[in-house]
Amino acid sequence: ERCPTFRLEKKMDTGKKISRVVEFKTILLTLCHKEFQGVSPQVTKLKKRMETTNDTVIKELMIDKLKERRQGTVRFMGELFKVRLERAKVERILHMCIQNLLRDIRNPDEEDIVCLEVLLETAGKQLDVHKAKNYMNQYFMRISKMQKNPGLPLRLSFKCQDLIDLRKRKWSSRRETTVAKPSQESRNANNNRSVAPSRPEATLEQITIPKRVGNRYSSLNVASPATSSVQLVRKPPQRAPQPAPILKKSPRTVKKDVTFNLKPDSKSLEKIERDVVALVEEYYGCGKEGLKEAALCIQDIKSPAHHWMVVKHAILLSLEKRERERKLTIELLVWLFKFKKVLTTADFQKGLRAISEDLDDIKMDIPYAGKFVDSMCQRFLKYKCIDQATLNLFKSQK
């Protein structure tokens, strides 16, 4: 593993402690996403202090601090994407951030436009790839409409225009594209300099010159005092050093990074289980907007034989949470089965069978667990995720 793992413990309302292993990069991305949404503990604490204080100066300082934190978070996520840390997951988070910043183009917030500028300047070139062209075209269509809004302040309109020009220059800054061109006078001077006659080469004969070159008597028609003469001998011309020959490098064999092998084996089942739990938790934080992201995360696992874990852990996690999460779980599993064709009936059968084996232990901590699972199974039966025989088998095992 490239990143360390940590064991997190969470205490439920019933008093039960649940522990799970999470990778550092997963924790880092979750914190960045919460920081951008303004729901992290530090941002929440600042907002509460800002509401309680009555000093306008302190309020302005806190507002500036919140703006700096959000802009810094956006820039940090862009840098993470550039160094390819969890590239697929960070890319999805960045697209969600851009969509969030462009949600209102009629009355945009100044902070949203500033964060959008920071994000696209940091990682716009890496986001603007062939597979995301449609998304980027839609983003810049909205930016263009926002720039033409007559009610937009002039400073923000210039920021939008700078982003449009930046993409037209293929994400290169003005300093990189601006090249100083020589003027016509300098060209003529260079041409004249090249045509000017060269000085005659000195011969190998002995030449007698005065010791004082260009003395004060040369400008007057007066004989200068006697000077001693020296004999100079011209040295043979030295050859210019020749550049060293360029040696062609032999092609190097690149070893394949085995850490990116996504085909699961018996040892990677625990990692698949951790990834499934992490994507379900992330889906709960995003809500219905995270349906597509959850489907992409499941496909990134590239293990259809273990998709039943999604059914199992999504249901088990929802039992520990509120009614909102249970409804989101039903929507996720039905959507993955009916529309995305990611889950199959066999996945539901295997996942429910695994739940029924541990249901007695779960009821000791969550007495209404059986009732919750029954209501979910009724919804699954309605959308033909399972058949009546599977439901009867689940009730008999329960």
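1. The structure holds 17 salt bridges. A salt bridge here is a side-chain nitrogen of Lys or Arg within 4 Å of a carboxyl oxygen of Asp or Glu. One of them joins the side chains of R92 and E293, at 3.5 Å from N to O. This pair links distant parts of the chain: R92 sits in helix α4, E293 in helix α11, and 201 residues separate them. Helices (H or I, at least four residues) and strands (E, at least two) are DSSP runs, numbered from the N terminus.

2. Basis of the numbers. This is a predicted model, in which local features need pLDDT of at least 70, side-chain atom pairs count only at pLDDT 80 or more, and totals for chains, interfaces and linings use all residues. Residues are numbered from 1 along each chain as its sequence is written, and side-chain values use heavy atoms, with hydrogens and water left out.

3. Are R92 and E293 buried or exposed? R92 counts as buried because its relative accessibility is 12%. E293 counts as buried too, at 18% relative accessibility. The cut-offs: buried is under 20% relative accessible area, exposed is over 50%, and partly exposed lies in between (1.4 Å probe, protein chains only).

4. R103 bridges to D112, with the closest N and O atoms 3.6 Å apart. R103 is exposed because its relative accessible area is 53%, whereas D112 is buried at 6%. R322 bridges to E325 at 3.7 Å between the closest N and O atoms. R322 is exposed, with a relative accessible area of 58%. E325 is buried, with 6%. Side chains of opposite charge can pair when their charged atoms come close.

5. Which residues form a network of salt bridges? R70, R103 and D112 are linked in one. Whole chain. The secondary structure comes to 16 helices and four strands. Of the 398 residues, 36% count as buried. Among contacts with a separation of 6 or more, residues 24 or more positions apart account for 64%. Contact means heavy atoms within 4.5 Å. The chain exposes about 27,700 Å², and carbon and sulfur atoms supply 53% of that area. Accessible areas come from the Shrake-Rupley method with a 1.4 Å probe; for residues, only the protein chains shown count as cover.

6. Helix α1 covers residues 24–37. Its 14 residues reach 20 Å from the first C-alpha to the last, close to the 20 Å expected at 1.5 Å a residue. The expected span is 1.5 Å times one less than the number of residues. Buried residues of α1 are K25, T26, L28, L29, C32, H33, E35 and F36. An α-helix has 3.6 residues a turn, so residues three or four places apart point the same way.

7. What do the buried residues of α1 pack against? The partners are β2 (17–23), α2 (41–52), α3 (56–82), α4 (87–101) and α10 (269–286). Just after α1, G38 takes a positive phi of about 80 degrees.

8. Helix α10 has 18 residues and reaches 26 Å from its first C-alpha to its last, close to the 26 Å expected at 1.5 Å a residue. Its buried residues include I272, V276, V277, Y283 and C286. The buried residues of α10 pack against β2, α1, α4, α11 (291–301), α12 (308–319) and α13 (323–338). G287 follows α10, with a positive phi near 80 degrees.

9. The hairpin. β1 and β2 pair in the antiparallel sense over seven bridges. Two strands pair if DSSP finds at least two bridges between them. Five residues lie between β1 and β2, and G15 in the turn has a positive phi of about 100 degrees. F6 has V22 in β2 as its bridge partner.

10. T5 is also found in strand β1. T5 is partly exposed, with a relative accessible area of 38%. Leaving aside neighbours within four places in sequence, T5 is in contact with V21, V22 and E23. T5 and V22 are 17 residues apart in sequence and 5.5 Å apart in space, C-alpha to C-alpha.

11. Surface patch. F6, L8 and F24 make a nonpolar surface patch of about 250 Å². Patches are made of residues with over 30% relative accessible area and no salt bridge; like charges are joined within 9 Å, nonpolar side chains (Val, Leu, Ile, Met, Phe, Trp, Tyr) within 5 Å. L8 lies in strand β1, residues 5–11. L8 is partly exposed, with a relative accessible area of 37%.
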